[in-house]
Amino acid sequence: MTQSALDHQYLSRTLQLAKKGLYTTQPNPRVGCVIVLNNEIVGEGYHQQAGGPHAEIHAINQAGEKARGATAYVSLEPCSHHGKTPPCADALIAAGVSRVVCAMQDPNPLVAGKGLEKCQQAGISIESDLMQAEAEAINPGFVKRMKTGMPYVRVKLAMSLDGRTAMASGESKWITGEHARADVQKLRARSSVVLTGSGTVLADDPSMNVRMSAKELGTQGEAHQPIRAIIDSRLRVGVDSKIFKQNGQTLVFSAQRAKHVITLPEKDTKVDLQAVLKYLVMEHQANEVHVEAGSELCGALLAQQLVDEIVVYIAPHIMGDSAKGLFHLPGLQKMSERIDLEIKEIRPIGKDWRVTALPKY
């Protein structure tokens, strides 16, 4: 096997390891590391929990003296700055590795090539960006936050085969089966924030929390409980709602001033949604925002081109003409105004189907 093929093989392993931190590393990126000596893996690790050792440290500790003269494969460039932990670039230098191969450079301006440069100055051979697209796919929120100052927004919807999300009365439990609902728990668990609207809270009184244990999620670290956030332009949601009674933090955004409410600018008589997302980044380092809301909020986010990904669960039944639709988009009048989507994946989830699509603005 050529060196290039071996590099891709070991980098693929780092990506597998990085995925083990899918539910636990917020606000940090998910990172995996493999240390190879004489074509044998002598150490590997992944970033398990924010504030804990990074992937490189776990791999170095496992490799011990075998790290000297070895190649370190990392899914993301080793950090070069002091955060909650010391720089990983320094640890790799001290361990005596002779070569560092990265799937992608770190988009964090505090790092952005500096970790690799530090290793290179210490005499370590460097190669980077060998599997950038695959590495970015594991950390879409972190990458977007670092590059644009905005989070990655994922809108989750459930609908019948005829595109309906609730009966005319508002009844919507349950459109999809238990397997699809369990799958949604995983989407929540990987997110920094679960965002909803006041209409959904008033109609369904949801908890909007993660109800899966770390074991059920298949993670060794402690799965975090994402922040819950409500868009409540007219301050209609009562404090006795279930969403306020869960572990963790619940934020309320409004254009009106009130106690315990985050007041933001108004746009088109509603809370400025872009301001909400920027607040979540600035104050909570939000990487991925998971949206579970009604057609108005979902439609407004889509119309303002704030949605990065749409996940739709399609149930095998018909709900009829009077039932409610997916997106409220009254401005679309012509075929030329439609929003194109790139279908990323279609797969069965129990008796339902999950379609993942990317808006093409």
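Two strands are taken as paired if DSSP finds at least two bridges between them. In the predicted model described here, A72 stands opposite V100 in β4. Strands of a sheet pair through backbone hydrogen bonds, in either the parallel or the antiparallel sense.

The sheet that holds these residues is open and has five strands, in the order β2-β1-β3-β4-β5, with mixed pairing. Its edge strands are β2 (40–46) and β5 (125–127), each of which pairs on one side only. On average, neighbouring strands of this sheet are turned by 15 degrees against each other, direction ignored. Strand β3 (residues 71–74) pairs with strand β1 (residues 32–37) in the antiparallel sense, over four bridges. In this pairing V36 stands opposite T71 of β3. Strand β3 also runs parallel to β4 (residues 99–102), to which it is joined by four bridges. Besides the A72–V100 pair, V74 has C102 of β4 as its bridge partner. Both faces of β3 are covered: T71 and Y73 are buried on one side, and A72 and V74 are buried on the other. Helix α1 lies across β1, β2, β3, β4 and β5 and runs at about 140 degrees to β1.

A further open sheet has nine strands, in the order β10-β9-β8-β7-β13-β6-β14-β16-β15, again with mixed pairing. Strands β10 (262–263) and β15 stand at its edges with a single partner strand each, so one side of each is left without a neighbour in the sheet. Helix α6 packs on this sheet, touching β6 and β13 (288–291), and the direction of α6 makes about 135 degrees with that of β6. Within the sheet, strands β7 (residues 193–197) and β8 (residues 227–231) run parallel and are joined by five bridges. Here G197 stands opposite I231 in β8. Helix α7 lies across β6, β7, β13, β14, β15 and β16, running at about 165 degrees to β14.

The buried residues of α6 are P140, G141, F142, V143, R145 and M146. These buried residues pack against α5, β6, α10 (273–284) and β13. An α-helix has 3.6 residues a turn, so residues three or four places apart point the same way. Just after α6, G149 takes a positive phi of about 80 degrees.

Rolling a probe the size of a water molecule over the atoms shows where empty space is left. The second largest pocket has a volume of about 920 Å³. Its lining is made up of 32 residues, of which A137, R154, R190, E309 and K344 lie nearest the centre of the pocket. At least two lining residues are supplied by each of α5 (132–138), α6 (140–148), β6 (152–160), α7 (178–189), α9 (214–217), β14 (309–315), β15 (340–349) and β16 (352–360). Helix α5 gives the largest share of this lining, with five residues. By class, the lining of the second largest pocket comprises 17 charged, 13 nonpolar and two polar residues.

Two cavities of 30 Å³ or more were counted. The largest cavity holds about 110 Å³ of space. It is lined by 19 residues, and Q26, R30, R190, N287 and E288 are those that lie nearest its centre. The largest share of the lining of the largest cavity comes from α6, which gives three residues. By class, this lining has 11 polar, five nonpolar and three charged residues.

The second largest cavity has a volume of about 40 Å³. It is lined by L15, A18, R30, S75, L76, M104, A135, I138 and N139. The elements that give two or more residues to this lining are α1 (3–18) and α5. By class, the lining of the second largest cavity has six nonpolar, two polar and one charged residues.

Technical notes
Residues numbered from 1 in each chain as written. Predicted model: local features only at pLDDT ≥ 70, side-chain atom pairs only at ≥ 80, totals over all residues. Heavy atoms only, no water. Buried < 20%, exposed > 50% of the residue type's maximum accessible area, 1.4 Å probe, protein only. 1 Å grid on protein atoms, 1.4 Å probe; cavity = no way out; pocket = protein on both sides within 12 Å on 5 of 7 lines; lining within 4 Å. Points joined across faces, edges and corners; volume = space filled by probe spheres on them. Nonpolar A, V, L, I, M, F, W, Y, C, P; charged D, E, K, R; others polar. Contact = heavy atoms within 4.5 Å. Axes fitted to C-alpha atoms, helices over the stretch in contact; angles between N-to-C directions.
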